[in-house]
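Here are a few exercises to work through with the model open. Try each one yourself before you read the solution.

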Amino acid sequence: MSDYTDLRDRVVSIVQGVPDIGIVHGRTRYAADWTKYLDLFKTSIGGVNQIRGWTVSRDSVESTPARFGATQESWTFVI
């Protein structure tokens, strides 16, 4: 069974595979300074500097009882 970080990393990897997607972070990013925050998402595409970034985070977890005392979890990610 995969844990949260394994699944998040797979989602990040898939999103990073999109051509010219920009910067993809596996968590919500914060910075006290707006310029520093934007720097987290700056990239150069076709020689043009752009703000093009994404974050992948977990929105919710739903736990459902399964057989033999196990629990099935369904995670919802937000991109």
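**Exercise 1.** Find what T43 touches, not counting residues up to four places away in sequence.

*Solution.* Start with the cut-off: contact means heavy atoms within 4.5 Å. With that, T43 touches G22, I23, V48, N49, Q50 and R52. Before going on, note that this is a predicted model, where local features need pLDDT of at least 70 and side-chain atom pairs count only at pLDDT 80 or more, while totals for chains, interfaces and linings use all residues. Residues are numbered from 1 along each chain as its sequence is written, and side-chain values use heavy atoms, with hydrogens and water left out.

**Exercise 2.** Is T43 buried or exposed?

*Solution.* T43 has a relative accessible area of 19%, so T43 is buried.

**Exercise 3.** Track down the salt bridges and say how accessible their partners are.

*Solution.* The idea first: side chains of opposite charge can pair when their charged atoms come close. Here a salt bridge needs a side-chain nitrogen of Lys or Arg within 4 Å of a carboxyl oxygen of Asp or Glu. The structure has two of them.

- R8 pairs with D9 at 2.9 Å, N to O. R8 is buried at 17% relative accessibility, whereas D9 is partly exposed at 40%.
- K42 pairs with D39, with the closest N and O atoms 3.1 Å apart. K42 is partly exposed at 47%, and D39 is partly exposed at 41%.

**Exercise 4.** Which residues make up the largest nonpolar core?

*Solution.* Look for buried Ala, Val, Leu, Ile, Met, Phe, Trp, Tyr and Cys residues joined through side-chain atoms within 4.5 Å. The largest such core has six: V11, V12, V15, I21, V24 and V56. Helix α1 (residues 4-16) gives the most to this core, three residues. Finally, zoom in on V15: leaving aside neighbours within four places in sequence, V15 is in contact with I21, V24 and I79.

Note on methods: Buried < 20%, exposed > 50% of the residue type's maximum accessible area, 1.4 Å probe, protein only. Helix = DSSP H or I, 4+ residues; strand = E, 2+ residues; numbered from the N terminus.
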